[in-house]
Amino acid sequence: MKKNDIGVIGLAVMGENLILNIESKGFSVSIYNRTAQKVSQLLETRARGKNIQGAYSLEEFVDQLERPRKVMLLVKAGDAVEDLINQIIPLLEPGDIIIDGGNSNYLDTIRRTELVESKGLLYIGTGVSGGEEGALRGPSIMPGGSKQAWPHVKPIFQAIAAKVDGSPCCDWVGDNGSGHYVKMIHNGIEYGDIQLICEAYHLMRDLLDMDSGEIASKFAYWNQTDLSSFLIEITADILNYKNENGIYEVDCILDRAGHKGTGIWTGVTALELGVPLTLICESVFSRILSSMKDDRVNASKVITKAAPVFNGDKNAFIDDIGKALLASKIVSYAQGFELLKAASASYGWELDYGSIALMWRGGCIIRSVFLGTIKEAFERDPGLKNLMLALYFRQKLEQSLPSWRRVASTAILNGIPAPAFCSALAYFDGYTCANLPANLLQAMRDYFGAHLYERIDAPRGQFFHTNWTGKGGTTTAAPPS
Ligand code: 6PG
């Protein structure tokens with residue numbers, strides 16, 4: 001009997017839809033789930049009459065697969081992945097491939113690649129983005145791990161991935177945990193985009209006193225501009241949605257944000273690698289602050305502050321918000337790509353930034369026209385120092401600057417929190433400031449701890465100490481390496 005092209009374990013939303021997508025592209029699929037009933041249920045419903053075969057034990061599942069076997073796990077990140085890998089390793093043969101398609105932490109993927117390769121098998125950790133709809137119709141797929149596995153998996157992955165101008169939003173990312181790292185940064189950027197949209201909404205709702213429908217029309221308009229993206233598009237849809245009582249549903253939703261951890265991981269790696277990822281980190285903190293609902297309600301009663309008042313030109317300010325959105329978004333992506341560069345250097349991944357931008361151009365949650373421009377910028381200059389310096393982005397930042405400053409200052413003056421707009425602007429001002437006050441900072445460190453400093457009139461890397469009080473000894477800290 002002919003064996004199947006690929007096997008998928010895990011029949012939750014992503015698994016089920018990805019299986020149907022794979023099959024629709026002409027590949028045969030074996031399916032397995034810990035709860036056997038889910039297998040028969042799928043076979044009797046959406047998989048009926050399709051080239052999809054059920055298995056009721058891991059042994060049966062493995063036996064149904066063509067060699068080298070391709071076993072894709074679409075289960076919850078963490079213990080479930082770990083347990084399945086341990087159970088399936090003894091059933092596989094040299095050259096077989098285990099693929100983890102969940103939102104696993106890249107450090108786990110680095111470790112698992114090593115473990116699986118040490119058993120003579122191959123491992124892929126791949127980001128898959130696009131939610132339910134993407135999984136079925138074409139997600140963005142970001143695979144990394146054992147390079148020898150790629151030629152076996154490529155025809156399937158590139159067939160099922162979203163396409164932009166005929167190019168698949170899927171390519172090989174790099175060694176070990178790089179695929180999951182890139183997906184994690186995608187999620188961090190997703191947090192940033194969402195936060196910026198929410199801050200724009202907040203200003204329009206509470207400062208300009210606009211209702212959801214009016215705000216929706218602004219997002220619908222922005223979706224026709226440089227801001228055109230999936231998240232802006234769905235924001236317009238969401239804001240326009242009225243429930244059975246004729247009330248905008250968004251106005252009925254409690255303002256406590258959830259999150260599953262990828263934003264926190266992004267912040268942690270940024271701090272570890274020394275990359276100022278300010279906007280995404282602010283977005284994570286904003287979600288955490290939002291979850292402190294009771295504390296916020298209490299503080300709003302205890303502490304008095306003036307209500308927002310807007311006396312200016314409303315339409316002009318809405319235009320300013322659109323420009324601030326674009327400028328802040330440029331900063332967020334610039335920071336995200338800076339982090340990718342630092343990780344690539346630190347882990348030796350040799351990431352291709354143009355190719356990553358293309359993978360994110362379609363299929364995924366952050367898909368946008370803007371990513372096409374990022375791809376072009378990296379293609380034109382693969383060594384681009386910072387995205388903000390590329391001509392298109394530099395011009396947009398310069399053109400948006402007065403609006404951006406008006407939005408940030410108006411938000412501050414009116415007590416409307418806009419941490420993403422404001423931190424993006426602070427980063428921009430810091431990055432473009434040739435003379436920061438870190439001279440004083442270094443002096444303080446040297447004063448209280450003899451931590452040494454460099455001088456403007458001496459070569460970099462030469463360190464000095466001053467006995468600031470006349471009382472200190474001559475012992476200093478070791479010069480930084
Ligand atoms: C995707 C998404 C997805 C993510 C959710 C929820 O690319 O399809 O990024 O992978 O899990 O968006 O993330 P939070 O619960 O952390 O918001």
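**Ligand, sheet and cores**

A polar side-chain atom of N103 is placed 2.9 Å from an oxygen atom of the ligand, a polar contact being a pair of N or O atoms within 3.5 Å. The model is predicted: local features need pLDDT of at least 70, side-chain atom pairs count only at pLDDT 80 or more, and totals for chains, interfaces and linings use all residues. Residues are numbered from 1 along each chain as its sequence is written, and side-chain values use heavy atoms, with hydrogens and water left out.

N187 also brings a polar side-chain atom to 2.9 Å from an oxygen atom of the ligand. G131 uses its backbone instead, with an N or O atom 3.4 Å from a ligand oxygen atom. The protein covers 79% of the 420 Å² of accessible area that the ligand has on its own (Shrake-Rupley method, 1.4 Å probe). There are 13 residues around the ligand, of which S129, K183, E190, Y191 and R287 come nearest; a residue counts as near if one of its heavy atoms lies within 4 Å.

Next comes the sheet. It is open, has 8 strands in the order β3-β2-β1-β4-β5-β6-β7-β10, and its pairing is mixed. Strands are DSSP runs of E with at least two residues, helices are runs of H or I with at least four, and both are numbered from the N terminus; two strands pair if DSSP finds at least two bridges between them. β3 (52–54) and β10 (174–175) stand at the edges with a single partner strand each, so one side of each has no neighbour in the sheet.

Strand β5 (residues 97–100) runs parallel to β6 (residues 122–129), joined by 4 bridges, and I98 stands opposite Y123.

Why is β7 largely enclosed by the rest of the structure? In this strand (residues 140–145), 6 of the 6 residues are buried, so the rest of the structure largely encloses it. Buried means under 20% relative accessible area with a 1.4 Å probe, protein chains only. S140, M142 and G144 lie on one face, and I141, P143 and G145 on the other.

The largest nonpolar core has 85 residues, and M204, F219, F337, L340, W360, I374 and W404 touch the most other members. Such a core is a set of buried Ala, Val, Leu, Ile, Met, Phe, Trp, Tyr and Cys residues joined through side-chain atoms within 4.5 Å. Helix α14 (residues 314–347) gives the most to this core, with 15 residues. A second, separate core of 32 residues includes V8, I52, I99 and L122.

Terms used:
Buried means under 20% relative accessible area, exposed over 50%, partly exposed in between (1.4 Å probe, protein chains only). A polar contact is a pair of N or O atoms within 3.5 Å; within protein, one must be able to donate a hydrogen and the other to accept it, and residues adjacent in sequence count only if both atoms are side-chain atoms.
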